[in-house]
Number of protein chains: 2
Amino acid sequence: MKNDSTPITKSRGPAEHEVRAQIVAAATEHFSHFGYEKTTVSDLARVIGYSKAYIYKFFESKQSIGEMICGNCLREIEAEVSAAIGQSDQPPEQLRRMFKACTEASLRLFFRDRKLYEIAASAATERWQTVIVYEANIQRLLREVLQAGRLSGDFERKTPLDETTMAIYLVMRPYLNPLLLQYSFDYTEDAPVQLSNLVLRSLSP
Amino acid sequence: MKNDSTPITKSRGPAEHEVRAQIVAAATEHFSHFGYEKTTVSDLARVIGYSKAYIYKFFESKQSIGEMICGNCLREIEAEVSAAIGQSDQPPEQLRRMFKACTEASLRLFFRDRKLYEIAASAATERWQTVIVYEANIQRLLREVLQAGRLSGDFERKTPLDETTMAIYLVMRPYLNPLLLQYSFDYTEDAPVQLSNLVLRSLSP
């Protein structure tokens with residue numbers, strides 16, 4: 001468990017933040033061309049023009065850099081999903097929009113550049129901290145929509161909220177998780193609508 | 001599109017059937033130790049003690065042998081799912097059993113031997129004919145359970161049957177398709193029950 005905002009060495013003031021951002025930007029660019037798996041910290045050092053030791057002052061491993069890139073990407077998806085929910089005040093419509101936004105944002109952010117998919121795939125396979133936080137946040141957003149729908153009378157209240165949340169999360173998972181999504185391209189057009197309809201039928205009071 | 005029961009050359013009587021079975025048995029054994037991707041028809045010929053040309057009289061490619069092995073495996077899953085459905089005459093219970101049997105049979109048959117998983121993965125990725133037939137058969141079994149439930153009054157009848165069938169199939173897909181199932185191991189214990197519950201709520205009249 002790492003905390004990306006904790007400096008490895010003693011604080012250096014604002015310059016540290018800038019150097020980290022510069023490393024992340026250069027790494028994102030390099031990974032997108034040459035792939036995350038094949039790139040080493042030495043490769044990054046050479047490209048950026050820093051020594052390997054200097055990079056290690058800011059990131060303890062290649063994975064730390066990958067975690068920051070991945071975290072940025074996952075936070076972007078989360079923000080889009082949150083914004084999509086915010087576009088309606090009707091819980092059933094919020095759920096539809098959530099499903100659609102999850103699928104579209106994941107498709108775009110994980111696959112717009114095949115090489116960046118590799119980072120997301122490593123993160124999902126190895127269950128990086130950023131992924132665990134992200135999944136918890138998506139589940140929290142889902143739970144909030146369900147809770148709102150229970151209060152408004154749109155959704156049934158008999159089933160325990162935790163059970164409903166988890167079951168619907170499992171229905172969404174193939175369109176959220178990059179490892180499953182790569183094998184679900186044939187369904188990304190229709191599945192969000194078909195599955196939202198099924199889920200909404202399951203929620204009817 | 002191939003038909004495995006059609007001889008490539010002119011009919012040779014019962015001996016042909018035996019030779020094909022012998023090749024398939026030896027190939028299954030060999031693939032399970034050395035992997036499907038890495039094995040060539042020359043490797044198989046050497047192991048079985050036939051010439052490569054002789055094997056090509058019975059199978060036009062390695063994939064033809066793989067298709068027969070995969071087809072046997074998929075038919076076994078199908079038979080188990082069908083038997084599970086047959087153990088109850090109540091459509092809701094049939095649906096639960098179907099979900100459970102799909103997951104358990106797929107887990108056992110695709111993953112009991114990691115090397116045989118490779119064939120199933122190739123088949124699913126390249127959408128071999130056996131896979132297309134298998135998916136259609138599972139969807140047919142599902143549709144029959146849904147139809148029976150509509151007749152018995154257990155399931156709602158407003159949603160078009162095709163739409164309901166496809167949506168529930170999509171819910172089951174991560175536990176049926178070997179490519180998705182490999183990333184769903186954490187959920188195979190609880191998901192069949194949680195998702196059956198959700199699906200049954202969605203079907204309530």
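## Ground rules

In this predicted model, local features need pLDDT of at least 70 and side-chain atom pairs count only at pLDDT 80 or more, while totals for chains, interfaces and linings use all residues. Residues are numbered from 1 along each chain as its sequence is written, chains are lettered from A and ligands numbered from 1 in the order in which they are written, and side-chain values use heavy atoms, with hydrogens and water left out.

## How the two copies are arranged

## Where the chains meet

Contact here means heavy atoms within 4.5 Å. On that basis, 25 residues of chain B are in contact with 25 residues of chain A. The copies meet through the same surface, because 100% of the interface residues of chain B are also interface residues in chain A.

Together the chains bury about 2400 Å², 63% of it on carbon and sulfur atoms (accessible area lost on being put together, 1.4 Å probe, summed over both parts). There are four salt bridges between chain B and chain A, each a side-chain nitrogen of Lys or Arg within 4 Å of a carboxyl oxygen of Asp or Glu. One of them joins B:Arg201 to A:Glu163, with the closest N and O atoms 3.8 Å apart.

## A buried glutamate and a buried leucine

B:Glu78 lies in helix H4 (residues 62-86) of chain B; helices are DSSP runs of H or I with at least four residues, numbered from the N terminus. B:Glu78 is buried but has no salt bridge, and the nearest side chain of opposite charge, B:Arg140, is 4.6 Å away. Buried means under 20% relative accessible area (1.4 Å probe, protein chains only); for charge, Lys and Arg count as positive, Asp and Glu as negative, and His and the chain ends are not counted. Beyond four places in sequence, B:Glu78 is in contact with B:Tyr134, B:Asn137 and B:Leu141.

Over in chain A, A:Leu141 is part of helix H7 (residues 129-152) and is buried, at 9% relative accessible area. Leaving out residues up to four places away, A:Leu141 touches A:Glu78, A:Val81, A:Ser82, A:Ile85 and A:Met98.

Conventions. Helices (H or I, at least four residues) and strands (E, at least two) are DSSP runs, numbered from the N terminus. Buried means under 20% relative accessible area, exposed over 50%, partly exposed in between (1.4 Å probe, protein chains only). Buried area is the accessible area (1.4 Å probe) that two parts lose on being put together, summed over both.
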